[in-house]
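Keep the model open and follow the residues as they come up.

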Amino acid sequence: MAEGSGRWTSSIREVAITLKDVKTMDWKIRLAAIRWLQVMVQSPEGQSLIMKSLVKLCRPLQAQVRDLRSVIAREACSTLTLFAEALSNRFSRVAPILTKTLLLVTGSGNKVIGGYCAKSAFDIVRNTESPKSIAALVTLTESKSSKVRDNATTCLSILLEHWNPSTWLDEADTIGAGIKESIEDNSKQTRDTARRAFHFFQIHAPEAAEELKSSLGERALSRLQYGTVTRRGRAAGSTAGKGARGSMNQSTNLAKAGQQLFQKATSSSTPRRKRK
C-alpha cells in the first residue's frame, strides 16, 4: 500500500469528483465509488488517506445521502457509519455537517431513506465525540418536522449516554435548552426520548439539571417527572444503529465487487456519463 499511496490518493480524488457529479454521472459508477470507500476505510493505510481527504469527501457524500435512489442513499449511510466506527473522534471534523444533513433528510417524507439516515446519524453520534455537533442538534429540536425533532433528541440522548462528560459539560446549558424544547414538544414520542436524555443529563450535570427543572412550567415538569425511562427510549438510544450495521455488513460483502467496478469505470481517461 505504501508504495502505491500516490495511486490511491489519486483514486480518492477521482471518487470525490465522481460522487460530486450527481446529475450526469451514472448511478452505478457512483455506487461503485461508494463501495470502494467502504473497502478503503477498513485498513489503517486507507484510513490515513481518507483522513487527509475528509473535507474533500464531505460534500460529495452529502450529495449521495440526499439522492432519491434508495440504494445510493443506503450505501452512503452505511459508508458514513463505517467512517464513524473506524475513525472514531478523528471523524469529528466533518461529523457536525454530515449529522445535520442526515437528520434533515429524515424529515423529507421518504420513510425508507429516512430510516437509513436516522440510523447513520445515531451511529455517528455514538462513535464520534464532536462538541460542535451539539449546537446543530439543539437547533434541530425546533424543526417543523416531528421526525427531525425526535431524531435530534435521540442524538442528544445518545451523546449524553455514550460520550465522556468532559466533552460536553461546557455545553450543558445548550443541551439543557434542547431537552427543554423536547420535553415541551407536542409529540409523546419526542417527550419520551427527552425524558431519557434528561436521565443521563441529571447524572453528569446535576446543577444544570436543577436549573432546567426550575425553568419548566407545571405541565412540562410533570411530563419530565412522569413515569420512568421507557423500554422504547432505551431502544432509541442503544439499538438504533443495528439496522445500519446490518446494511453496513451487506455493503462490505459487496465492496470488493464495487472496487473492481469503480476501477474499471475509471480506467479510461474520461468517466462515462449519461447522454443528455
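Start at helix α6, where Ala-95, Pro-96, Leu-98, Thr-99, Thr-101, Leu-102, Leu-103 and Val-105 are buried. Buried means under 20% relative accessible area, exposed over 50%, and partly exposed in between, with a 1.4 Å probe and protein chains only. Since 8 of the 11 residues of α6 are buried, the helix is largely enclosed by the rest of the structure. Its buried residues pack against α4 (54-65), α5, α7 (111-127), α8 (132-140) and α9 (146-162). Contact here means heavy atoms within 4.5 Å.

A word on the basis of these values. This is a predicted model, in which local features need pLDDT of at least 70 and side-chain atom pairs count only at pLDDT 80 or more, while totals for chains, interfaces and linings use all residues. Residues are numbered from 1 along each chain as its sequence is written, and side-chain values use heavy atoms, with hydrogens and water left out.

Now step back to the whole chain. Its secondary structure comes to 16 helices and 0 strands. Helices (H or I, at least four residues) and strands (E, at least two) are DSSP runs, numbered from the N terminus. Buried residues make up 53% of the 276 residues. Among contacts between residues at least 6 apart in sequence, 76% join residues at least 24 apart.

Next, the interior. In soluble globular proteins, nonpolar side chains tend to be buried together. The largest nonpolar core in this model has 71 residues, and Ile-50, Phe-83, Phe-91, Leu-159, Leu-160, Trp-168 and Phe-201 touch the most other members. Such a core is a set of buried Ala, Val, Leu, Ile, Met, Phe, Trp, Tyr and Cys residues joined through side-chain atoms within 4.5 Å. Helix α5 (residues 70-87) gives the largest share of this core, 10 residues.

Take Trp-168 from that list. Setting aside neighbours within four places in sequence, Trp-168 is in contact with Ile-134, Leu-159, Leu-160, Trp-163, Ile-175, Phe-201, His-204 and Ala-205.

Phe-83 and Phe-91 are both buried. The whole structure holds 2 aromatic pairs. Phe-83 and Phe-91 form an edge-to-face pair, 6.0 Å centre to centre with 90 degrees between the planes. Rings of Phe, Tyr and Trp (its six-membered ring) pair if their centres lie within 6.5 Å; planes under 30 degrees apart count as stacked, over 60 as edge-to-face and the rest as tilted.

How do α3 and α5 meet, and at what angle do their axes cross? The axes of α3 (residues 44-52) and α5 come within 11 Å and cross at roughly 110 degrees. That makes α3 roughly perpendicular to α5, a term for angles of 65 to 115 degrees. Gln-47, Ile-50 and Met-51 of α3 make the contact with Phe-83, Ala-86 and Leu-87 of α5.

Ser-43 is in the loop between α2 (27-40) and α3, and is partly exposed at 23% relative accessibility. Its C-alpha atom is separated by 8.9 Å from that of Ala-86, 43 residues apart along the chain. Ser-88 is in the loop between α5 and α6 (95-105). Its phi is near 55 degrees, a positive value in a residue other than glycine. Ser-88 is partly exposed, with a relative accessible area of 33%.

Key: Axes fitted to C-alpha atoms, helices over the stretch in contact; angles between N-to-C directions. Parallel < 35°, antiparallel > 145°, perpendicular 65-115°, else oblique.
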